[in-house]
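Here is a friendly note to keep beside you as you meet this structure. Have a look around, then read the points in order.

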Amino acid sequence: MLMSLVLSIFLFILAKDANSGLRSSTLNPQSSSNTITNVPIYVDINSEEYSVTGLPDSVALRLEGPSSLILSTSSNGSYKVTTPNLTELGEGKHTISLSVSGLPTGVTGIVSPENVEITIEKKNAKEFPVNVTVDSSSIGNGYQKLAIPKGIQLQSNQSITFDKA
């Protein structure tokens, strides 16, 4: 009899703990996560004046939050992965943190890789003359010589030099 009493008290406590855990889980919205790959990076820089090397073409973005918000955010693409303002950093090597914007309240985004080592360089431009000689006798009937530019302009990072061949 005493054994039955102890066993029933034990089962009562066990059932009470199981029910309280069940109730608390039904009050919380169901959380989930989704990883989106090949998310482009929006680069904040004056691209007329500077060039950036070292940035990946795309990143992975892990979204975490309520299932309904994760589903709608994943499908509508309202998010953006961005760099800080790189023009303000200036030339040289920098380690930057990528960030996510455009996520609804309750959804968090984790970028992978989160930190990237980049190099910022000023752009260099140089003009070269173009000399083209066309033998008029080699142009067939019904064809005419097109306008040929007098020069071309090449742009690159300042660390690359242009030499005439």
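The numbered points below go from the whole chain to single residues.

1. A word on the basis. This is a predicted model, in which local features need pLDDT of at least 70 and side-chain atom pairs count only at pLDDT 80 or more, while totals for chains, interfaces and linings use all residues. Residues are numbered from 1 along each chain as its sequence is written, and side-chain values use heavy atoms, leaving out hydrogens and water.

2. The overall make-up. The protein has 3 helices and 9 strands; these are DSSP runs numbered from the N terminus, with helices (H or I) of at least four residues and strands (E) of at least two. Along the sequence, they follow the pattern α-β-β-β-α-β-α-β-β-β-β-β.

3. Surface and burial. Of the 165 residues, 19% count as buried. Here buried means under 20% relative accessible area, exposed means over 50%, and partly exposed lies in between (1.4 Å probe, protein chains only). The accessible surface comes to about 12000 Å², and 54% of this belongs to carbon and sulfur atoms; the areas come from the Shrake-Rupley method with a 1.4 Å probe, and for residues only the protein chains shown count as cover.

4. Contacts along the chain. Among the contacts with a separation of 6 or more, 68% are between residues 24 or more positions apart. A contact means heavy atoms within 4.5 Å.

5. In what order do the 5 strands of the open sheet lie? The order is 6-4-1-3-7, with mixed pairing; two strands pair if DSSP finds at least two bridges between them. At the edges are strand 6 (99-101) and strand 7 (108-112), each pairing on one side only. Neighbouring strands of this sheet are turned by 35° against each other on average, direction ignored. For such angles, axes are lines fitted to C-alpha atoms (for helices over the stretch in contact), and values run from 0 to 180 degrees between N-to-C directions.

6. Helix 2 on the sheet. Helix 2 (residues 67-76) packs on this sheet and touches strand 1 and strand 3 (58-66); its direction makes about 150° with that of strand 3. Ser74 lies in this helix and touches Asn34, Ile36, Leu63 and Tyr79, leaving aside residues up to four places away in sequence. The C-alpha atoms of Ser74 and Asn34 are separated by 7.7 Å, although the two residues are 40 apart along the chain. Ser67 is also found in helix 2. With 27% relative accessibility, Ser67 counts as partly exposed, and its contacts, again without residues up to four places away, are Gln30, Ser31 and Ser32.

7. Strand 1 in more detail. Strand 1 (residues 31-42) runs parallel to strand 4 (residues 80-82), joined by 2 bridges. Is Asn38 buried or exposed? Asn38 is exposed, with a relative accessible area of 62%.

8. Pairings of strand 8. Strands of a sheet pair through backbone hydrogen bonds, either parallel or antiparallel. Strand 2 (residues 50-53) runs antiparallel to strand 8 (residues 115-129), with 4 bridges between them; Ser51 has Glu121 as its bridge partner in strand 8. Strand 5 (residues 92-97) pairs with strand 8 in the antiparallel sense too, over 6 bridges, and Thr95 stands opposite Glu117 there.

9. A cis peptide bond. Which residues does the cis peptide bond join? Ser112 and Pro113 are joined by it, with omega about 0°. Pro113 is found in the loop between strand 7 and strand 8.

10. Rings. Lys80 lies over the face of Tyr42, at 4.7 Å from the ring centre. A charge sits over a ring if NZ of Lys or CZ of Arg is within 6 Å of the ring centre and within 35 degrees of the ring normal.
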